[in-house]
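Student: I have a chain open here and want to go through it. Can you start with the terms and then take my questions?

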Amino acid sequence: MQNTKIFTTTFASVYPHYIQKAEKKGRTKSEVHEIIHWLTGYDEQGLQEQLDQRNDFKTFFEQAPRMNPNAALIKGVICGYRVEEIEDELMRKIRYLDKLIDELAKGKKMEKILRE
């Protein structure tokens, strides 16, 4: 899984796809934000700054205020890989976010998505 191109891709360029995927399935932008806040510790202002600065995924996760300790509970397959088996820490964090957005789009309840 050496697709490091995603590491240098701007978060802001992928963010609209997260929103679109959720909205296409009847979910909301605020739910996407809730997931991002839960996973990374960003508040609305911090998230907006990341989008405005067009930081890449590497910087986005490096500057995250606090990765949620329950992120380790995220399990399953995304993009053909088991999330819990991804060795590269940054790639695992990116796939955590992908997996959570995927669960949102599939209609899972927020309590389940946020591992409450």
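Tutor: Start with burial: buried means under 20% relative accessible area, exposed over 50%, and partly exposed in between, with a 1.4 Å probe and protein chains only. On that basis, 49% of the 116 residues of the protein chain count as buried. The model is predicted, so local features need pLDDT of at least 70 and side-chain atom pairs count only at pLDDT 80 or more, while totals for chains, interfaces and linings use all residues. Residues are numbered from 1 along each chain as its sequence is written, and side-chain values use heavy atoms, with hydrogens and water left out.

Student: What is the secondary structure of the protein chain?

Tutor: It comes to 7 helices and 2 strands. Helices (H or I, at least four residues) and strands (E, at least two) are DSSP runs, numbered from the N terminus. From the N terminus on, the order is α-α-α-α-α-β-β-α-α.

Student: Why does the radius of gyration agree with a compact globule?

Tutor: The protein chain has 13 Å, and a compact globule with 116 residues would have a radius of gyration near 13 Å, which is why the two agree. The radius is taken over C-alpha atoms, and the globule rule is 2.2 Å times the number of residues to the power 0.38. Along the principal axes, the C-alpha atoms fill a box of roughly 30 × 30 × 25 Å.

Student: Which residues touch the most other members of the largest nonpolar core?

Tutor: Phe-11, Ile-35, Leu-39 and Leu-97 do, in a core of 37 residues. A nonpolar core is a set of buried Ala, Val, Leu, Ile, Met, Phe, Trp, Tyr and Cys residues joined through side-chain atoms within 4.5 Å. At least two residues of this core come from each of α1 (5–8), α2 (11–24), α3 (29–40), α4 (44–53), α5 (57–62), α6 (89–105) and α7 (110–113). The most come from α6, with 8 residues. In soluble globular proteins, nonpolar side chains tend to be buried together.

Student: What does Leu-97 touch?

Tutor: Leaving out residues up to four places away in sequence, Leu-97 touches Phe-11, Tyr-18, Ile-35, Ile-36, Leu-39 and Phe-61.

Student: Different topic. Where is Glu-84?

Tutor: Glu-84 sits in the loop between β2 (81–82) and α6. It counts as partly exposed because its relative accessibility is 30%. Not counting residues up to four places away in sequence, Glu-84 touches Ile-74, Lys-75 and Gly-76. Its C-alpha atom is separated by 8.9 Å from that of Tyr-96, 12 residues apart along the chain.

Student: Is Arg-115 buried or exposed?

Tutor: Arg-115 counts as buried because its relative accessibility is 16%. It is found in the segment after α7.

Student: And Glu-116, buried or exposed?

Tutor: Glu-116 lies in the segment after α7, and it counts as exposed because its relative accessibility is 73%. The C-alpha atoms of Glu-116 and Lys-99 are separated by 16 Å.

How values were computed. Contact = heavy atoms within 4.5 Å.
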